[in-house]
Amino acid sequence: MRQLKTDWQAQWVWGNGEASPRNEWRCFRKTFNVGAEGWGAAKISITADSRYALYVNGIKVGRGPVRSWPFEQSYDTYEIGHLLHKGRPNVIGVMVLHFGVSNFYYLRGRGGLLVQVESEREREGHSVVELVTDESWKTSLHLGYDSRSGRMSCQQGFAERMDASAWRADWYLPDYDDSVWDQASIVGAVGIDPWSRLVPRDIPFLTEELVWPVRIESLHQVKPVAWTASIDVRNQMVPDSVNHANPVGFAGYMATVVRTDKAVKAVLGLVQPSTVKGCSVNGEWLDEERYTGVLPERYAEIELKAGDNLILLETTGVDHGRTLQFGIDCDAYFEVVSPLVEAGLDTSPFISIGPFASFEYIDHQESSETLQPYVGYGSSSAGDDRREELEADANPAFKIYVEIRSLSTARDLSRYTDWVRPFPLELVSRDSIFALSVWKKEALAQAVPYPLQQAVIPSMNSAILPRYDDADTEIILDFGREFSGFIQFEVDAAEGTILDFYGYEYMRDGWRQDTFDLDNTLRYTCSEGRQSYTSYVRRGFRYLMVTARNAARAVKMYGVQVQQSNYPIAEIGKFQSSDALLNDIWQISKHTTRLCMEDTFVDCPAYEQVFWVGDSRNEALVNYYVFGATEIVERCLRLVPGSSTQTPLYVDQVPSGWSSVIPNWTFFWALASFEYYEHTGDEVFARDLWPHIRYTLEHYEQKLDDRGLLFIKGWNLLDWAPIDQPNNGVVTHQNMILVKTLRSAAELAKVVGDVEEAAEYEGKALRLSQAINKHLWSEERSAYLDCIHANSRASTVFSMQTQVIAYLCGVAEGERAEQMKIYLFAPPPDFVQIGSPFMSFFYYEALAKMGRIGIDRMITDMRQHFGQMIEYDATTCWEMYPNFAENRANPDMLTRSHCHAWSAAPGYFLGAHVLGVTPADKGWRKVVVAPQPADLQWARGTVPLPQEGRIDVAWRLEEDGRVMRLQVWAPRSVDVEIRIPDGMDGIVERHEV
């Protein structure tokens, strides 16, 4: 659904000051009159860098834009004629959030807003441009938003901190007085950098559906720790890192001073340590045994003397943008101040010392080992001496690095002024809401009064939060399922009351899985009286912790909801069977896929919200069977070649500031492009994408070594499991998937009419397959080895992942293929086992190739692995299986993300193979219905068709399983071939609709 193009006359505008400010929230207004005759069907076209929310006469019209490359900036067009008032003033209000830093779904540009309004009052056959962004627009910083809030994660933007008492909520209404606002500044005309080309939105607008919690899970009386902060160490140590999202390595320190009136005990908390390797207090380094807490949390009891205490933190390692969540708790009064005597009001309490070395870490081509002078909490003196001897020649500054480690007072810093820089305020938040939510001085559980449950009931009643002397009130809301969208609430509270919101995915038996590396929080400071707020920042969660602090009177809560937002889909697909467990598994697969469909497919709605290219191939197949949406798939596939400005090998997540390549993800993109053509029959798409597929494959071919094998330095990933997949060398599964990709490219070449090139790609696939069988097969183990390392050492690791891919990609033939089938049914215990549902997708594809016996094994595996998720009350599919130590920090942590669409395989396979509905021609003009019952007695369901209509199937086994009664409903335009399983008789009913 690509919108009509706009003939732009508007100009880009912004406010005075910095071109690309960090985490800036800026409001724009334009007041205008509409004559008594009206403007007819007026429309507004809008885009902004980085995100906007649009209001017309106080009505929220929409959010945007969709993620895009800055050189192909997307814009939106809305109908607004029905919102305009005739004969009196109207106002357009726009909130623009500019990130000011690159992340995994945004490349840093500069602040900008572009708006144009047109009407149907035709003049010489053309619509009339009624208003545009120019210097007549008014603008102001939104003073309620705290630009010092910390990063949510390395993948995303910033956490949200809103003070309603500092800014009027009616700023976008017609009667608001904007006379003190500034005039907007002209940035330039359409076509300027970085937005050199504008393209209309190519997908429908996302949904916003109000969802209430199902219950209050718990109530606690809590006491917060005394002092916390979120600190951006990465941007301080490597200031230029705001311009990209690549990991950076550095070696250095940060320091602060804790000032007390008397000697006292305190607790130092590294709630999320980031790159902190160790800490010292007044020159005494804290040994490992001094720390408590389950990783990544680290807490240490320390002794503070009267006066100034120097806290030194060693910050050395590779940082992708993980915020340091830091805190200090003490019963006595203390201050956290800068170690610099001359520190001004515009600097924070922290300084950095260094970095003494730094580098940018791209495509897994550098080693973080070169930046680990001290690893762990409290290195031994022997280790220190050895490292000094090893590193001194390589890094002349290493001697200074070692000296600084012994500092005991802030006065000692005077010898190292060339290395010291104050942390600017913008890199240190006023509080860490994440740390306050995770680390509490005291938490006393209370029984939940029944009237408090009114907070989750849509009614006119309010719930009154209990109020405790000298303590805060914490409730946890359970939404029943995971959701993804925007927090909304309405309360009545005293001015200055603080409401902290923290969303997370999983809890069980009193244990909560905190979202480390994701600051999934919102702080709202109340104005006086009854008020409501809707967040501008998307979050994914099932549970929502709400903590009321500093309440001068009782807080009345009229409701907390989430505006569930996703790609607009109808739930066309269905699946039911005689097995209730499989039905539940299909349902969580459907819900997972829905939550991971935004303006692109995303890996997960909580931690990242990133379009990972390889993940989306499997997500697209699930979507075809559950929802039948195609525009989102096309959009995802067309976005990928934009990364050619970063690398001809194409980036693994787009559009992104991280220049990272996973070769398999590029190959999956090429496979998905051909699968999209097969699904839709869209030859225009095939012709458009073919040059890009050919381009990247040509560059991958340059990585073939003398043996004819793909030998590449990169992120050579397939599964989260301890398989041997080094970042430099010949990785077997990668070579095999390239074989399948080359064969797919040959088929696509035929579609576009390039027969000679098709033959060339078939030959390339054959030669690579032969090279794999020659060099990567172990006769001793009758299996394919995982890799050949860069030093020519053959791997001694054998994995199920490699054997599965060998069979799936058709590399194993003859006796070797038969051996792979044995492994698929009986994995050798010393082979690395499958570690994620993502890898299970390929395992299931391989089993499906084997026919009925393979489907039986698939169903057994689904019950085992996905059934475990159901056992733990999962409402969405986990990112990983809890099989390996690599997958969890402690036994309670079953997975990282509890909602990950690369894991939703059952949504595809149950429809394709248990219902048995598969296409037999491009565009589904011919369909095969061939159910595989496994051990089920009956199944029924629906599979969407790509253009129109659907296939409904119902089958039931009768007469002790000897007869299948099968009913099929399909459009009369579709040629349906029906196949009864071998060995059964069939009673078939074919219905045309």
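**Entry 1**

Before I start on strands, a reminder to myself: two strands pair if DSSP finds at least two bridges between them. I am also keeping in mind that this is a predicted model.

I went to strand β7 first, which spans residues 89-98. How many of its residues are buried? I count nine of its 10 residues as buried, so this strand is mostly covered, given that buried means under 20% relative accessible area.

Next I looked up who pairs with β7. Strand β2 (residues 24-33) runs antiparallel to β7, with 10 bridges between them. In this pairing I find E24 opposite H98 of β7. Strand β4 (residues 51-56) also pairs with β7 in the antiparallel sense, here over six bridges. For L54, the bridge partner in β7 is V94.

**Entry 1: two open sheets**

I then followed a five-strand sheet. It is open, its pairing is mixed, and its strands come in the order β39-β47-β48-β49-β51. Which strands sit at the edges? They are β39 and β51 (985-992), each of which pairs on one side only. Direction ignored, neighbouring strands of this sheet are turned by 10° against each other on average.

Looking at the β39 end, I see that β39 and strand β47 (residues 938-944) are antiparallel and joined by four bridges. Q576 has R940 of β47 as its bridge partner.

The other sheet I noted is open too, with three strands ordered β45-β46-β50 and mixed pairing. Here the edges are β45 (917-919) and β50 (975-978), and each pairs on one side only. The twist from one strand to the next averages 25°. Three bridges hold β45 and strand β46 (residues 926-929) in an antiparallel pair, and T918 faces V928 of β46.

**Entry 2: salt bridges**

Now for the charged side chains. Side chains of opposite charge can pair when their charged atoms come close. The cut-off I worked with is a side-chain nitrogen of Lys or Arg within 4 Å of a carboxyl oxygen of Asp or Glu. How many salt bridges does that give? The count comes to 62 salt bridges.

I picked out a few of them. D514 and R512 form one, and their closest N and O atoms are 2.6 Å apart. Is D514 buried or exposed? D514 has 10% relative accessibility, so it counts as buried. R512 is buried as well, at 19% relative accessible area, with the cut-off set at under 20%.

K590 and E571 meet in a salt bridge with an N to O distance of 2.9 Å. What does this pair tie together? K590 belongs to helix α5 (residues 580-595), while E571 is in the loop between β38 (556-564) and β39 (574-577), so the bridge links parts 19 residues apart in sequence. I also checked the accessibility of the two partners: K590 is buried at 12%, whereas E571 is partly exposed at 43%.

D705 and R707 make another salt bridge, at 2.7 Å from N to O. R707 is partly exposed, with a relative accessible area of 30%.

Finally, I marked a network for a second look: salt bridges link D431, D472, D500, R523 and R549.

**Entry 3: cavities**

Rolling a probe the size of a water molecule over the atoms shows where empty space is left. My search of the whole structure turned up seven cavities of 30 Å³ or more.

Which residues line it? Among them I listed E482, E505, R542, D873, W878 and H898. This lining splits into four nonpolar, three polar and four charged residues.

**Entry 4: P194**

P194 sits in the loop between β13 (185-189) and β14 (198-200). P194 is partly exposed, with a relative accessible area of 23%. How many residues separate P194 and F71 in sequence? They are 123 residues apart along the chain, yet their C-alpha atoms are 6.0 Å apart in space.

Conventions. Residues are numbered from 1 along each chain as its sequence is written. This is a predicted model: local features need pLDDT of at least 70, side-chain atom pairs count only at pLDDT 80 or more; totals for chains, interfaces and linings use all residues. Side-chain values use heavy atoms; hydrogens and water are left out. Buried means under 20% relative accessible area, exposed over 50%, partly exposed in between (1.4 Å probe, protein chains only). On a 1 Å grid over the protein atoms alone, a cavity is a set of points where a 1.4 Å probe fits but cannot get out, and a pocket is an open set with protein on both sides within 12 Å along at least five of seven lines; lining residues have an atom within 4 Å of a point. Grid points are joined across faces, edges and corners, and a volume is the space filled by probe spheres set on the points. Ala, Val, Leu, Ile, Met, Phe, Trp, Tyr, Cys and Pro count as nonpolar, Asp, Glu, Lys and Arg as charged, and the others, Gly among them, as polar. Axes are lines fitted to C-alpha atoms, for helices over the stretch in contact, and angles run from 0 to 180 degrees between N-to-C directions.
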